[in-house]
Amino acid sequence: MTTSSPPPSLPSYDAHQLYLRQLTTFLRESRQILDAWDAYSDKHRDPETFEPLDEAAYGIRQRDTDTLNAFGRVYFHADVLVDTAEHQLARLPASTATRAHAWQIGELRTSTQMLYELHRQWLDLRRNLPKNAVPGTAAYDEPLAESRAKAWHHLDQWGIYGQALIDINTQAQKHRSPEAPLKAPPPPDAAPTTPRARR
């Protein structure tokens, strides 16, 4: 393995470590949000039909909003995290774990592209809403909730597989070649001497 610099599209070491810390925070928060939603859902659905007791409150889908907000710290460099993990994985020895990680990276790449596309679609839709469609009105809140509901699966994929990017980085750090020690430059050749002038 060489110690050549990564492609310019990849982040610096310090930036990548920051992105991984932000990902770690998202993973922790997304688990807490999901646990809270499960508890809410259990209390606010009919135990026999599993239908929500309050359709309007349930329809807001606070889980989706909270998870999307938590993902905000990862969103703008999610593709960079995936690219970096793929770059690191290509330099690790092949194993069952690396094959599993390759599949997980593929899932995260697809989910990232879908999240970016859904965000673009929401911005386009929001631009075309009537002027009286503002936050707090059904004309605004309903399409927003629908957009967030579509994003949920892809956010959940990050919650499930995001740990793989952290694990890949850990393995990559263990397999990094130590930097070659710097060698002192060779001494310059002796300068040619001029013959003594004859007297």
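1. The expected span of a helix is taken as 1.5 Å times one less than its number of residues. Helices (H or I, at least four residues) and strands (E, at least two) are DSSP runs, numbered from the N terminus. Helix H1 covers residues 13–43, and its 31 residues should therefore span 45 Å; the end C-alpha atoms lie 46 Å apart, which agrees.

2. On provenance: this is a predicted model, in which local features need pLDDT of at least 70 and side-chain atom pairs count only at pLDDT 80 or more, while totals for chains, interfaces and linings use all residues. Residues are numbered from 1 along each chain as its sequence is written, and side-chain values use heavy atoms, with hydrogens and water left out.

3. The overall fold is simple to state. The chain has seven helices and zero strands, so that, as DSSP runs counted from the N terminus, the order of elements is α-α-α-α-α-α-α. Of the contacts (heavy atoms within 4.5 Å) with a separation of 6 or more, 78% are between residues 24 or more positions apart. Of the 199 residues in the chain, 33% are buried; buried means under 20% relative accessible area, exposed over 50%, and partly exposed in between, with a 1.4 Å probe and protein chains only.

4. Back to H1. The buried residues in this helix are His16, Gln17, Tyr19, Leu20, Leu23, Phe26, Leu27, Ser30, Ile33, Trp37 and Ser41. Trp37 has a relative accessible area of 9%, which is why it counts as buried. Its C-alpha atom is separated by 9.5 Å from that of Asp64, 27 residues apart along the chain. Arg31, also a residue of helix H1, is partly exposed because its relative accessible area is 49%.

5. Gln104 sits in helix H5 and counts as buried because its relative accessibility is 18%. Its side chain and that of His101 are joined by a polar contact of 2.8 Å. Such a contact is a pair of N or O atoms within 3.5 Å; within protein, one must be able to donate a hydrogen and the other to accept it, and residues adjacent in sequence count only if both atoms are side-chain atoms. Neighbours within four places in sequence aside, Gln104 is in contact with Tyr161 and Ala164.

6. Pro135 belongs to the loop between H5 and H6. At 60% relative accessibility, Pro135 counts as exposed. Setting aside neighbours within four places in sequence, Pro135 has contacts with Tyr140 and Asp141.

7. The second largest pocket has a volume of about 350 Å³. Its lining has 17 residues, and the closest to the pocket centre are Leu68, Tyr75, His119, Trp122 and Arg148. Two or more lining residues come from each of helix H3 (62–75), helix H5 (96–127) and helix H6 (138–161). H5 gives the largest share, six residues. By class, the lining has eleven nonpolar, four polar and two charged residues.

8. Terms for the pocket: on a 1 Å grid over the protein atoms alone, a pocket is an open set of points with protein on both sides within 12 Å along at least five of seven lines, and lining residues have an atom within 4 Å of a point. Grid points are joined across faces, edges and corners, and the volume is the space filled by probe spheres set on the points. Ala, Val, Leu, Ile, Met, Phe, Trp, Tyr, Cys and Pro count as nonpolar, Asp, Glu, Lys and Arg as charged, and the others, Gly among them, as polar.

Terms used: On a 1 Å grid over the protein atoms alone, a cavity is a set of points where a 1.4 Å probe fits but cannot get out, and a pocket is an open set with protein on both sides within 12 Å along at least five of seven lines; lining residues have an atom within 4 Å of a point.
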